[in-house]
Amino acid sequence: MEQLLETAKKIKSMEIRGAGKIARAAAAALRDYAERLTTNDINEFNEKMEHAAEVLVNTRPTAVSLPNAVRAVMRYGGGTVDEAKISIKKLADGFIASSENAIKRIGEIGARRVRDGDTIMTHCNSAAANSIMAEAHAQGKDINVIATESRPRLQGHITIKQLDKLGIKSTLIVDSAVRYLMKDVDIVIMGADAVTVNGSLINKIGTSQVALAAHEARTNVIIAAETYKFSPMSILGELVEIEERDSSEVISREKLDEFSNVSVRNPSFDVTPREYIDLICTEVGAIPPEMAYIIIKDFLGWRIEELNSNGLRFKGNQKH
Ligand code: RI2
């Protein structure tokens, strides 16, 4: 359990971050945990796996990729512990490979929307969004990326570093400069932590402001989101929980202690309505946000009946 708890800790502290990356880390942690379990009792094995799944899922509440990855692994089968371990390894490795492949595919599909000479605005740091920029650049398109710094965690610094390594020109701006600079932008490309059934986007705090400014300026907004970022529970009307992180990310404890009447709010994500999104680029194609249900039903394989009867409990060892 020690290694799995270590991974959970790293996800919570954001040492491992990015919606896709935490999903792959969780799948790998479950696979390695299963491998290390010494029991021969399949019931005990299943119980331990279910507990491990809960621990991982409870680390960060907003990125739907995390429960979707855990569920993909927890669909394992097998009458014996050895069979279950083989099944888990196959599912976890399959998820990781298809997730990496999805990012590549999104790059190819999304790059079609980028023209030579485009100025792209992005927010935070998204592997899926960066993949589009990387592919457009690899195709020889001359692009310039405006990257927000993304307070309070400054993931924009990761973005400019990654783009720089690829030889892509970028301009770093403070988050509040978004609307002022939108007039220079041809297209906005951002990632996703979750997409709901009605096509709303949940992504890094500030995303909805970028989208609103783009909407006002008639600038297209493209969202790069693997299919496992879509939220099955939103079919039942469940809202995606917005993570609120510690105040110390915004202001130091010592500084805050100087005041008597000040409190801090630090929501990590916000919700962008589908009206502000032109296209969601997934690995199975670029869709208008209105088509989110098709992704949940046809590509994630969730149906209303199943969700109603099982919810999203991480029941290990299911027949499928
Ligand atoms: P990829 C990140 O969350 C950002 O909100 C980013 O847009 C999203 O995950 C998707 O990232 P955080 O972990 O999966 O920085 O595309 O809170 O890498």
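1. Let's start inside the protein: the largest cavity has a volume of about 40 Å³. A cavity is a set of points on a 1 Å grid over the protein atoms alone where a 1.4 Å probe fits but cannot get out, and a volume is the space filled by probe spheres set on the points, which are joined across faces, edges and corners. A search of the whole structure finds 1 cavity of 30 Å³ or more.

2. A word on the source: this is a predicted model, where local features need pLDDT of at least 70, side-chain atom pairs count only at pLDDT 80 or more, and totals for chains, interfaces and linings use all residues. Residues are numbered from 1 along each chain as its sequence is written, and side-chain values use heavy atoms, with hydrogens and water left out.

3. Which residues line the largest cavity? They are P152, R153, Q155, K204, I205, R245, E249, N266, P267 and S268; a lining residue has an atom within 4 Å of a point. By class, this lining has 3 nonpolar, 3 polar and 4 charged residues. Here Ala, Val, Leu, Ile, Met, Phe, Trp, Tyr, Cys and Pro count as nonpolar, Asp, Glu, Lys and Arg as charged, and the others, Gly among them, as polar.

4. K204 leads us on to a sheet. Strand β6 (residues 201-204) pairs with β8 in the antiparallel sense over 4 bridges, and the bridge partner of K204 in β8 is F269. Two strands pair if DSSP finds at least two bridges between them; strands (E, at least two residues) and helices (H or I, at least four) are DSSP runs numbered from the N terminus.

5. The open sheet that holds these strands has 3 of them, in the order β5-β6-β8, with antiparallel pairing. β5 (194-195) and β8 (269-272) stand at the edges with a single partner strand each, so one side of each has no neighbour in the sheet. Helix α9 (residues 207-216) packs on this sheet and touches β6 and β8, with its direction at about 30° to that of β8. Contact means heavy atoms within 4.5 Å; axes are lines fitted to C-alpha atoms, for helices over the stretch in contact, and angles run from 0 to 180 degrees between N-to-C directions.

6. Now for the other sheet: 7 strands form an open, mixed sheet in the order β3-β2-β1-β4-β7-β9-β10. Its edge strands, β3 (169-173) and β10 (285-287), each pair on one side only. Within the sheet, β4 (residues 187-190) and β7 (residues 220-224) run parallel and are joined by 4 bridges, and I187 stands opposite N220 in β7.

7. The largest pocket has a volume of about 580 Å³. Unlike a cavity, a pocket is an open set, with protein on both sides within 12 Å along at least five of seven lines. Of its 32 lining residues, R17, N125, S126, A127 and Q162 are the closest to its centre. The largest share of the lining, 6 residues, comes from α7.

8. A127 lies in helix α6 (residues 127-138).

9. Finally, look at helix α4 (residues 65-74), where 9 of 10 residues are buried. The buried residues of α4 pack against α2 (19-36), α3 (42-57) and α5 (81-111).

Methods: Buried means under 20% relative accessible area, exposed over 50%, partly exposed in between (1.4 Å probe, protein chains only).
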